[in-house]
Amino acid sequence: MQSMPDASPAKWHLAHTSWFFETFVLRDRQAHFQLFDHRFRYLFNSYYEGEGERLGRASRGLLVRPTLDRVLSYRQRINAALLELLPRLDAEGRTLVELGCHHEEQHQELILMDLQHLIHESPLQEGIWAPVAPDKPAKVAPIQWIEGPQGPWEIGAGASEFAFDCEQPEHTTWLAGHALADRLVTNREWLNFMSEGGYRRADLWLSDGWSWVRSNRIDAPLYWKEIDDRWYQLTLRGWSLVNLEAPVCHVSYFEADAYARWSNARLPTEAEWEVAAQGKDASLGTFLEMPNPIATPVPDSGGFGLRQMFGDVWEWTSSAFLPYPGFEPKAGTVGEYNGKFMSGQFVLRGGSCATPRGHVRSTYRNFFYPHQRWMFSGVRLARNV
């Protein structure tokens with residue numbers, strides 16, 4: 001099923017990630033390799049113009065065929081061929097395999113994003129996982145402001161470990177005086193924004209954001225609804241009361257920017273965020289492998305410093321998704337991976353509760369259009385110093 005043009009059926013994700021390995025690794029490097037099904041080249045190409053015509057994204061929900069069983073057979077065939085070839089691959093081939101593995105991790109999160117939107121749009125709105133009893137966390141302490149460094153700093157990924165092309169090259173940027181909130185914005189704080197007319201005050205919104213709010217009648221984060229003066233949210237486990245101490249999730253850039261303005265603050269730049277995250281353990285936080293992968297309240301560490309930098313929710317920044325100085329796309333069709341999308345989108349950092357653990361790092365640049373919010377996106381505030 002496909003609930004909107006931005007989403008894809010889970011079956012398509014499963015086939016596309018194997019298509020990536022078949023197309024960019026096996027086809028050109030395994031002797032006498034035969035395509036599993038020549039029609040898959042058209043059906044499961046996402047956006048690679050160099051690979052020819054493809055099924056339009058909005059039409060992926062029409063794929064009643066091939067069956068799920070055939071897609072799973074496809075995956076099994078491609079995985080087996082890849083494992084057989086791997087010991088003989090040259091350095092370039094191994095680099096493509098590594099890219100394909102990280103690409104598949106991206107689609108693990110996309111599947112959950114798309115499934116959550118699907119159950120929200122379906123009549124019964126039932127979760128895909130069993131509900132769990134909610135914890136009763138203590139009230140989160142007020143935000144503390146952590147001053148960041150100033151002056152020239154290096155950001156971006158070097159060549160020693162894996163990174164997507166858009167994370168490179170490493171370069172020098174300038175940081176002005178600033179401070180970051182020590183934690184993410186909570187649902188309780190977002191409800192205060194709502195109760196004080198945050199969605200009804202044009203002065204808080206960018207022009208495009210205000211048009212989006214009015215034309216779509218936006219009055220709360222995605223997947224929220226009010227019943228008898230209580231707010232509920234839909235997760236992959238179904239409907240439950242909004243956890244007031246948990247980070248707000250499923251808000252757009254427009255909403256994040258308006259909230260920051262209402263708070264007499266702003267969104268961090270991606271350079272401010274990255275420098276703050278350098279050296280921090282990117283495996284700490286709520287990720288996909290947790291028993292209950294949902295954005296959780298900040299732990300009461302009793303310390304002072306930046307928390308929730310990784311996992312829980314992707315954090316909007318004020319930075320447009322543009323190439324770094326000296327950026328060069330990879331050669332060939334695989335070079336279309338990120339570079340062609342560097343227009344009209346904003347950068348998010350840090351990963352989410354639907355991100356596989358180990359997939360993110362301080363240099364990782366996620367990106368979405370400012371009106372989108374079906375991803376697991378939230379807010380960390382910043383301010384000038």
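Author: Helix 1 (10-29), helix 2 and helix 4 (91-121) are among the elements that cover the buried residues of helix 3, where contact means heavy atoms within 4.5 Å and buried means under 20% relative accessible area, exposed over 50% and partly exposed in between (1.4 Å probe, protein chains only). The model is predicted, with local features needing pLDDT of at least 70 and side-chain atom pairs pLDDT 80 or more, whereas totals for chains, interfaces and linings use all residues. Residues are numbered from 1 along each chain as its sequence is written, and side-chain values use heavy atoms, without hydrogens and water.

The covered residues of helix 3 are Val-71, Tyr-74, Arg-75, Ile-78, Ala-81, Leu-82 and Leu-85. They lie on the same side of helix 3, because their arc around the axis is only 140 degrees (taken from the directions from the helix axis to the C-beta atoms). Asp-69, Gln-76 and Leu-83 are exposed on the other side of helix 3. With 18 residues, helix 3 reaches 26 Å from its first C-alpha to its last, close to the expected 26 Å (1.5 Å times one less than its number of residues).

The loop between helix 2 (40-43) and helix 3 (68-85) holds Tyr-47, which pairs with Phe-341, 294 residues apart, in the loop between strand 8 (314-320) and strand 9 (346-349). The ring centres of Tyr-47 and Phe-341 are 4.8 Å apart and the planes stand at 85 degrees, so the pair is edge-to-face (centres within 6.5 Å, planes over 60 degrees apart). Tyr-47 is partly exposed, at 23% relative accessibility, and Phe-341 is partly exposed at 21%.

Methods
Phe/Tyr/Trp six-rings, centres within 6.5 Å; stacked < 30°, edge-to-face > 60°. Helix = DSSP H or I, 4+ residues; strand = E, 2+ residues; numbered from the N terminus.
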